[in-house]
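I opened the file to look up the core, the strand pairing and the charges over rings. Notes follow in the order I made them.

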Amino acid sequence: QVQLVESGGGLVQPGGSLRLSCAASGPIYSINAMAWYRQAPGKERELVAAITSGGSTNYADSVLGRFTISRDNAKNTVYLQMNSLKPEDTAAYYCNLVLTTGWGTGKYWGQGTQVTVSS
């Protein structure tokens with residue numbers, strides 16, 4: 001059974017930094033695209049950043065220049081380094097991985113980790 005475990009969320013002051021991690025485990029043949037989404041109360045879930053198997057990245061305009069997505073294929077892990085955090089970055093953050101297993105290729109979600117930016 002594939003599991004995605006997220007960590008790194010918490011409470012931080014405006015201007016601060018956090019690093020989120022999402023580690024996948026289980027019978028994984030390969031990991032294709034990896035991404036981070038977020039959902040604030042009363043809002044739809046939105047894409048924050050994504051990285052392909054080849055390392056190409058894309059970001060939401062609202063986080064460009066402040067957030068960096070990266071991946072460690074040996075550890076089946078994706079990271080989101082968040083700098084210069086703003087109160088509007090407050091949300092639950094979810095990783096989303098496109099995995100190939102013995103049952104085929106599908107999208108898997110992490111359980112979510114809360115990020116709160118407040119003074």
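These entries start with the ground rules and then go to the core.

I am working on a predicted model: local features need pLDDT of at least 70, side-chain atom pairs count only at pLDDT 80 or more, and totals for chains, interfaces and linings use all residues. Residues are numbered from 1 along each chain as its sequence is written, and side-chain values use heavy atoms, with hydrogens and water left out.

I then listed contacts (heavy atoms within 4.5 Å) for Val 78. Beyond four places in sequence, its partners include Trp 36, Cys 22, Cys 95 and Leu 97.

**Strand β9.** Strands are DSSP runs of E, at least two residues, numbered from the N terminus.

**Pairing.** I checked its partners (at least two DSSP bridges make a pair). β4 and β9 pair antiparallel over nine bridges. Gln 39 stands opposite Ala 92. Ala 92 also stands opposite Gln 114 in β11. β9 and β10 form a hairpin with two residues between them.

**Charges over rings.** I counted CZ of Arg or NZ of Lys within 6 Å of the ring centre and within 35 degrees of the ring normal. Arg 19 sits over Tyr 79 at 4.0 Å. Arg 45 sits over Tyr 94 at 3.8 Å.

How values were computed. Helix = DSSP H or I, 4+ residues; strand = E, 2+ residues; numbered from the N terminus.
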